[in-house]
Amino acid sequence: MNLQKLTIGQMAEMNHVSEQTLRLYDRKGLLRPQSVDRVTGYRYYHITQSARLDLIQNLKLYGMTLQQIKTILEEHDAGSLQRLLTRQTQAVEEKIRKLEHSLTAINRMVENYKRYEAMPQNGEIFIEFIPERYIYRYNCGINYFDQDQSGYEYMLRKLKHHIADQGIPFSYFCNVGTTIRRERLLAGELYSDEVFFFAEQVTSMDNLETLPPGAYVCLCSSEFSHEADNVRRLMDYITAHDCQILGDYLCEVIIDFLALDFEHRKVFYKTQIPVRFR
């Protein structure tokens, strides 16, 4: 093997790249062969050109485009490379942040499916101890219980715009539920003008509330039209068992079924009211 006149195949094998990659780098002006046979068109490389190839591969590993790499190679400026690497660091960190949000959302959905499979689905009321949670609420300005299902969709659109305006990751736009404030519950009012989602404590979102751990009277359902009756059933249970209402009513969407044959959104949700048994 002549190290000063490597064929394209030898150069590719020695550097763990494909011949197609070397041809691409040649076309883009990133790595020209040391010589080209005028008769056969065969490309020949010097082994020392591997150093330039290593640099190209490293810059690709940093997430840079071929055009960015070409600019760096043409400028021969260490300062320019450092500035570009700094910008690339920021871009990669932003990608990591978005991927972390995506991973959190995926894990949340997987956990919700497990919860769905384990929860009572026959309309029975049950007591559940729920640990501390963090909640973000948004006031939509309309009462959910005065609307049909389209009202819920309208509330979701308003929340979606708010999320975009506040720079909140869209990974939180899932499992969005409704809430009734404790004062209205005690007054017997079915009034919910707020939607909410749960978030992690580590988030930088403003106005994040803490829901303390405690016992909740709960009921699950998959029918939007049954929610008002479900609230009344929970309140009747609380009255019958002489419970003290400690906080707000929450209707937490557990699963948003991804079925395209439904004309309307189909969900499985858990209604819940924090209580203390006297």
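Which residues does I238 touch, not counting residues up to four places away in sequence? In this predicted model, I238 touches V217, C243, I245, I273 and V275, where contact means heavy atoms within 4.5 Å. Residues are numbered from 1 along each chain as its sequence is written, and side-chain values use heavy atoms, with hydrogens and water left out. Because the model is predicted, local features need pLDDT of at least 70 and side-chain atom pairs count only at pLDDT 80 or more, whereas totals for chains, interfaces and linings use all residues.

I238 belongs to the largest nonpolar core, which has 37 residues. A nonpolar core is a set of buried Ala, Val, Leu, Ile, Met, Phe, Trp, Tyr and Cys residues joined through side-chain atoms within 4.5 Å. Buried denotes under 20% relative accessible area, exposed over 50%, and partly exposed the range in between (1.4 Å probe, protein chains only). The members that touch the most other members are L159, L185, F197, I238, Y249 and I273. At least two residues of this core come from each of β5 (133-139), α6 (149-166), β7 (194-199), β9 (214-221), α8 (227-240), β10 (243-245), β11 (249-256) and β12 (267-277). Helices (H or I, at least four residues) and strands (E, at least two) are DSSP runs, numbered from the N terminus. In soluble globular proteins, nonpolar side chains tend to be buried together.

Nonpolar residues also occur on the surface, where M1, L3 and M14 form a patch with about 310 Å² of accessible area together. Patches are made of residues with over 30% relative accessible area and no salt bridge, like charges being joined within 9 Å and nonpolar side chains (Val, Leu, Ile, Met, Phe, Trp, Tyr) within 5 Å. Accessible areas come from the Shrake-Rupley method with a 1.4 Å probe; for residues, only the protein chains shown count as cover. L3 is found in the segment before β1 (6-7) and is partly exposed, with a relative accessible area of 39%.

Salt bridges number 16 in the model, a salt bridge being a side-chain nitrogen of Lys or Arg within 4 Å of a carboxyl oxygen of Asp or Glu. D26 takes part in a salt bridge with R32 (3.1 Å, N to O) and in another with R43 (2.9 Å, N to O). D26 lies in helix α2 and R43 in strand β3 (residues 43-45), so this pair ties together parts that are 17 residues apart in sequence. D26 is buried at 11% relative accessible area, while R43 is partly exposed at 23%.

E194 and R181 also form a salt bridge, with their closest N and O atoms 2.9 Å apart. Since E194 lies in strand β7 and R181 in the loop between β6 and α7 (182-186), the pair ties together parts that are 13 residues apart in sequence. The relative accessible area of E194 is 10%, which is buried, and that of R181 is 28%, which is partly exposed. Through shared partners, salt bridges join R137, R181, E194, E209 and D248 into one network.

T179 is in strand β6 and is buried, with a relative accessible area of 1%. Its side chain makes a polar contact of 3.1 Å with the side chain of R137, a polar contact being a pair of N or O atoms within 3.5 Å; within protein, one must be able to donate a hydrogen and the other to accept it, and residues adjacent in sequence count only if both atoms are side-chain atoms. A polar atom of the T179 side chain also lies 2.8 Å from the backbone oxygen of Y249.

Two residues that are not glycine, H16 and N175, each have a positive phi of about 55°. Most residues other than glycine have a negative phi. H16 is in the loop between α1 (8-14) and α2 (19-27) and is exposed, with a relative accessible area of 76%. N175, in the loop between α6 and β6 (177-180), is buried at 11%.
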